[in-house]
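Dear colleague,

I am passing on the structure below, and after it I set out what was found there. Please read the notes with the structure open beside you.

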Amino acid sequence: MAPWWRDAVFYQVYPRSFADSDGDGVGDLPGVRSRLPYLRSLGVDAVWLSPFYLGPQADGGYDVEDYRAVDPLFGTMADARALIADAHALGLRVIVDLVPNHSSSRHPWFREALASPGSEHRARYLFRPGRDGGPPNDWQSLFGGPAWTRTTDPDGTPGDWYLHLFSPEQPDFDWTYPAVAEEFRSVLRHWLDVGVDGFRVDVAHGLVKAHGLPDHGVPTHLLDLTATPFWDQDGVHDIYRDWRRLLDTYPGDRVAVAEAWGPTLTRTARYVRPDELHQAFNFHYLTCPWDPVALRAVIDDSLDAMSAVGAPATWVLSNHDVVRHATRLAPEADPGTGLRRARAATLLMLALPGSAYLYQGEELGLPEVRDLPPHTRQDPAFARSGGRDGFRDGCRVPLPWEGAEPPYGFSPHGTPTWLPQPSHWGGYAVAAQAGDPTSTLEMYRAALALRGTLRGDLAWLPSAPHVLAFERGTARCAVNLGDRPSTIHTGGVDHVLIASGPVHHDGGHTSVPPDTAVWWRA
Ligand code: NOJ
Ligand code: MG
């Protein structure tokens, strides 16, 4: 039997925004634990928890002060253990986020390094002297401004600079220094011993920098897919081979998924060679426009690149760093079309061979929140870019669970949520959608329950140019990406398994409207 993860559906929980148990307006681990039955009934196989470790939350938990401790904001180590135990009892796997590219500037190692210029303590990070009175090279922080911050020596004089590809509160480790690798082996073992089923590896393509830290020459941005001296260096693969050996010493098919923004799918596939990690997020799919030619090409390229190394393809439409797909796929100011496309895109994704990653709230059809007041925003890129960038808060607004007004059951008390929820979200709430067969939530449930009927390799079927249609085993999927209805021979109403919107049956044919997907039995 194939290992569980090869076709698993993972559900990303961003703990601050999922469910709050103690009424402080911030989601927490007991909150997640209390909603595990919801995830079970949704039909996902595994939960990926974004960081809940001790840290100042300068970047929503991607700034870790202690890799083995739970931040009091989220609960305790006992809460983490109880969550994992409950998930396992429900048949859900749990993977946790690992942040190995950088620590928090409050990590004891970094504090030691700052306190002792010229000492070995600095070797765990990337400290360098400046160049011509400025930073050591031209690298830009992904959150805006230079990727270097100058230190002040304990005697008050200006000192060396340190590298931070993200915010100054997130100094990059020097992975050529053996103690760094040793520490992360120990962190991996710690969480594997606690019982997690694996890891999501943050910035997996960034751990090794080009030798000598050469100038890059051009500016970069967060979701950059092009080659740079700090992304996708060959040396990162030695780290993943080492981790794979470690993971394989544990029973139970533990896994690791790389957040690797490779410039091409072939480069991304190098992270999932047989002796490296298990999966890599497919950002080429996430960034693909709603266009039949582009989608077919990225699906083919993904399947080819991953099968060449024996790994399953993966698919993702939303996460905590990008505009929610119900908004991203919408033509300008047309949320109705956005949601229709999002539902069709989801049915397409869930019909593809391999693994899929869902982001909390997409099963409710949540749109991006575009009008958060500036003073509530917490994405560090917002402040660093003077408000021109840093809009990741819009997909991180706390989930609506029930009721007609904020906090929609997110928090037990009336405490305002850490990001304000829109006043019109009552209709998106889980309780409002549950049991309504036309709701997005019930579409996800039905699709996840039916997903197993699509088995084996994908074979494209002949179709009109604006339609994508394929077969997997005895089941078929078609998506209409055009602007007029398309008639598809589905063989009768009882053959249709699910549709993302209203379809019209006429004998053996089904009329599929624009921006609609359908699965049927061949
Ligand atoms: C990728 C994470 O998904 C993002 O949220 C974070 O800001 C950066 N890595 C830095 O850790
Ligand atoms: Mg809380």
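**The ligand and its surroundings**

An oxygen atom of ligand 1 lies 2.9 Å from an N or O atom in the side chain of Arg 392, a polar contact in the sense of a pair of N or O atoms within 3.5 Å. This is a predicted model, in which local features need pLDDT of at least 70 and side-chain atom pairs count only at pLDDT 80 or more, while totals for chains, interfaces and linings use all residues. Residues are numbered from 1 along each chain as its sequence is written, chains are lettered from A and ligands numbered from 1 in the order in which they are written, and side-chain values use heavy atoms, with hydrogens and water left out.

His 320 has a side-chain N or O atom 2.8 Å from an oxygen atom of ligand 1, and for His 102 a polar side-chain atom is found 3.0 Å from an oxygen atom of the ligand. Of the 300 Å² of accessible area that ligand 1 has on its own, the protein covers 99% (Shrake-Rupley method, 1.4 Å probe). There are 13 residues around ligand 1, and those that come nearest are Asp 59, Asp 202, His 320, Asp 321 and Arg 392 (a residue counts if one of its heavy atoms lies within 4 Å). By type, this shell divides into seven charged, four nonpolar and two polar residues.

**Cores**

The largest nonpolar core has 144 residues, and Tyr 11, Leu 39, Phe 52, Tyr 240 and Tyr 285 have the most contacts inside it; such a core is a set of buried Ala, Val, Leu, Ile, Met, Phe, Trp, Tyr and Cys residues joined through side-chain atoms within 4.5 Å, where buried means under 20% relative accessible area, with a 1.4 Å probe and protein chains only. Helix H5 (residues 178–194) gives the most to this core, namely eight residues; helices here are DSSP runs of H or I with at least four residues, and strands are runs of E with at least two. A second, separate core of 15 residues includes Trp 139, Ala 147, Leu 163 and Ala 381.

**A loop residue and a helix**

Asp 153 sits in the loop between strand E7 (148–152) and strand E8 (158–163), and Asp 153 is buried, with a relative accessible area of 18%. Leaving aside residues up to four places away in sequence, Asp 153 touches Pro 117, Arg 122, Pro 158 and Gly 159 (heavy atoms within 4.5 Å).

Helix H14 (residues 440–450) is largely enclosed by the rest of the structure, because eight of its 11 residues are buried; among them are Leu 441, Met 443 and Tyr 444.

With best wishes

Methods. Buried means under 20% relative accessible area, exposed over 50%, partly exposed in between (1.4 Å probe, protein chains only). A polar contact is a pair of N or O atoms within 3.5 Å; within protein, one must be able to donate a hydrogen and the other to accept it, and residues adjacent in sequence count only if both atoms are side-chain atoms. Ala, Val, Leu, Ile, Met, Phe, Trp, Tyr, Cys and Pro count as nonpolar, Asp, Glu, Lys and Arg as charged, and the others, Gly among them, as polar.
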